[in-house]
Amino acid sequence: FSDSCQNEIYGCTDPNIWNYNPLATIDDLSCDYGLTYVPDANFEQALIDLGIDTGSALDSFVLTSRVKVVSILDVFGNNIYDLTGIEDFTALTELRCNSNQLDSLDVSQNTALTTLYCNFNQLSSLDVSQNTALMYLYCNNNQLSSLDVSQNTALTDLRCYDNQLSSLDVSQSAALTTLYCYDN
């Protein structure tokens, strides 16, 4: 072996990809060009408008490498019916999807989430069971008949008024300082 071969470092050499290795001198085909499925055209358009989806055509896909690094996403009032694809936003700490047309929302894969505004939708289902870092949850003005916040021990502010809740257990939410749950 020559000295030049021994100094070669294999890895992803594409700087536009999330698993880019700036030390790599030889591309080993490990670059992850994965796609995230986003079937709701209004959601994809919002991602295009925010510069997260770099394509201009609505094709139901966004580069996963682009969504994996987003920490704050604000898609307020975009007439979105379906947030499929949100599960790949793994760095997300704040999601504002209020004032849309959502009837269900599963953010269980968004474990870094600390703030969620999903109020003023039509939610009958909301899964925050894996969001142990969640501190602020605004899910008021929906159609929720149940809400499980038993795993949300960091919760300090919960606003779940104007829903259809018949019970609410906040006994595990010792940090809770603000609770609005009227009109249920």
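Me: What makes the space of about 160 Å³ a pocket?

Reply: The largest pocket holds about 160 Å³ of space. On a 1 Å grid over the protein atoms alone, a pocket is an open set of points where a 1.4 Å probe fits, with protein on both sides within 12 Å along at least five of seven lines; lining residues have an atom within 4 Å of a point. The volume is the space filled by probe spheres set on the points, which are joined across faces, edges and corners. This is a predicted model: local features need pLDDT of at least 70, side-chain atom pairs count only at pLDDT 80 or more, and totals for chains, interfaces and linings use all residues. Residues are numbered from 1 along each chain as its sequence is written, and side-chain values use heavy atoms, without hydrogens and water.

Me: Which residues line the largest pocket?

Reply: Among them are Tyr-81, Asp-82, Leu-83, Asp-103 and Asp-106.

Me: Why is Cys-118 called buried?

Reply: Buried means under 20% relative accessible area, exposed over 50%, partly exposed in between (1.4 Å probe, protein chains only). Cys-118 has 0%, so Cys-118 is buried. Cys-160 also counts as buried, because its relative accessibility is 0%.
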